[in-house]
Amino acid sequence: MELKLYDTLTREKRVFAPIDPDRVRMYVCGPTVYDFAHIGNARPVIVFDVLFRLLRHIYGDEHVTYVRNITDVDDKINARAAERGIPIRELTDETYKNFQADVAALGCLPPTVEPRATDYVSNPGASVDMIRLIERLIKNGNAYAAEGHVLFDVPSMPDYGRLSKRALDEMIAGARVEVAPYKRDPQDFVLWKPSNPSEPGWDSPWGRGRPGWHIECSAMSAALLGETFDIHGGGIDLVFPHHENEIAQSRCAFHTDVMANYWMHNGFLQVEGEKMSKSLGNFVTIRELLTGWRGLPWSGDAIRFAMLTAHYAQPIDWTDNRLAEAGANLHTFHLVGAKGLGLTDETDLSTLPEIAHGRPSDRLLQTLYDDLNTPAAIFTHFFSLVREADSKSGILETPARQLLIDCLFMGIDPFRFYRTQMAAFDTHKIQMLIDQRTAARKAKDFQESDRIRDELAAMGVVLKDSKDGTTWAIAR
């Protein structure tokens, strides 16, 4: 099998071939830490965590370096710290810890390195830092200083715009271009800007100031992964201007043909068919989902599962229904695992070596090798294992075990989901009502049976009747 990934730069699915198989390198743009991360921020974290897991399986844990940065110098951070009346570092430390806790709850592994931008503004110990990178761009004729600012000279790069596939005049028309008298060209973007006494600042050849957003990722990726590396990822909203500008800075600074060999972007996320925004009242953070969204806390496994039911490159509509279906399916997987392997509801799968360290099936790998086709992994492969485990022929233990192994490989734990999600429910009351309904059905009192079903539905429980009895799962 060959791993194929869709490359935004070439607009085609390409066989992945690392520059050095002993050092596979991936960089993904991380959060700006001024507030809780929203559900849209969760998508790239989950998507590239799946890719990280797959690359480690193919090349070995020690041969894969995954860098996901933290932007902790930004005008939004300055404004929020001033609004709350706290020091900037206190705000970024607090928000960074919240982000780490939230994405860990989503089943995401920590990246190999998680650099903070402020550590690479001026860093003599690194091979490159932001100030030295800007100096190099000025020396190469691709940047200029003006009135305490340093700007990238966009016309100095003839093929600027290759990633977004837009002509320069188109980009000027479509972007919110800052009009400033010190700019040579309207599209030139800031590499360095002056700081007032209340703002974070570093001494530089152009005066006390702070870096622009785009130069941060160019410096951190070069310092940690080299001038050219394998994969650069992020959300589709970063293609222009952020990733376009990263490419311009890095290629012009180091005189390379590419910055990264593969550019991967996840699609947009909407909530109930609309763009997520606070004004529409549909803005939701990861923390809100985990602690209680619309009356019910959700397991990180359910959130992750729901996210992976859409292909990463396609838009996703985040709905109550998608989350409820994820919960119901994970409950089914938990039941299959418990029945097939004789496990208890409280089993910790991480303590079972044959499952926690089991080999993922070829059928799962085949779907993931095809540009991380997680919907096929879930709806085709996982459910085929459920059907095998439900069949009356063969050894039920084998598909049940493989289902749990493959779920864990994708960072999903149906037993952890069960323990976490069930804590929000009075399981004894639910079972009592189910027993009462079963008795009513036997007595052909269908009015009472329907009443109990409706009562359970109002509690967030959906029933599934079969010849073996009644099971229940989480719903809305």
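Reader: In what order do the four strands of the open sheet lie?

Author: Strands of a sheet pair through backbone hydrogen bonds, either parallel or antiparallel. In this predicted model, the order of the open four-stranded sheet is S5-S6-S7-S8, and the pairing is antiparallel. Strand S5 (143-146) and strand S8 (209-211) are the edge strands, each pairing on one side only. On average, neighbouring strands of this sheet are turned by 20° against each other, direction ignored.

Reader: How many bridges join strand S7 to S8?

Author: Three bridges join S7, residues 189-194, to S8, and the two run antiparallel. Across this pair, Trp192 stands opposite Pro211 in S8.

Reader: What do S1 and S2 form?

Author: They form a hairpin with four residues between them. Strand S1 (residues 4-7) pairs with strand S2 (residues 12-15) in the antiparallel sense, over four bridges. Asp7 stands opposite Glu12 in S2. In the turn, Arg11 has a positive phi of about 60°.

Reader: Now a helix. Which residues of helix H15 are buried?

Author: An α-helix has 3.6 residues a turn, so residues three or four places apart point the same way. In H15, which spans residues 414-422, the buried residues are Pro414, Phe415, Phe417, Tyr418, Gln421 and Met422. These residues lie on the same side of H15, because they cover an arc of only 155° around the axis.

Reader: What is found at the start of H15?

Author: There, a side-chain oxygen of Asp413 comes to within 2.9 Å of the backbone nitrogen of Phe415.

Reader: At roughly what angle do the axes of H10 and H15 cross?

Author: The two axes cross at roughly 115° and come within 8 Å. The crossing of H10 past H15 is left-handed. On the H10 side, Gly327, Leu330, His331, Phe333, His334, Gly337 and Ala338 take part; they meet Pro414, Phe415, Phe417 and Tyr418 in H15.

Reader: Which residues is Asn329 in contact with, leaving aside its neighbours within four places in sequence?

Author: Asn329 is in contact with Phe305 and Phe383. The C-alpha atoms of Asn329 and Ala306 are separated by 9.8 Å, and these two residues are 23 residues apart along the chain.

Notes. Residues are numbered from 1 along each chain as its sequence is written. This is a predicted model: local features need pLDDT of at least 70, side-chain atom pairs count only at pLDDT 80 or more; totals for chains, interfaces and linings use all residues. Side-chain values use heavy atoms; hydrogens and water are left out. Two strands pair if DSSP finds at least two bridges between them. Axes are lines fitted to C-alpha atoms, for helices over the stretch in contact, and angles run from 0 to 180 degrees between N-to-C directions. Contact means heavy atoms within 4.5 Å. Buried means under 20% relative accessible area, exposed over 50%, partly exposed in between (1.4 Å probe, protein chains only). The arc is that of the directions from the helix axis to the C-beta atoms. A polar contact is a pair of N or O atoms within 3.5 Å; within protein, one must be able to donate a hydrogen and the other to accept it, and residues adjacent in sequence count only if both atoms are side-chain atoms. A crossing is left-handed if the near helix is turned anticlockwise from the far one by less than a right angle, and right-handed if clockwise.
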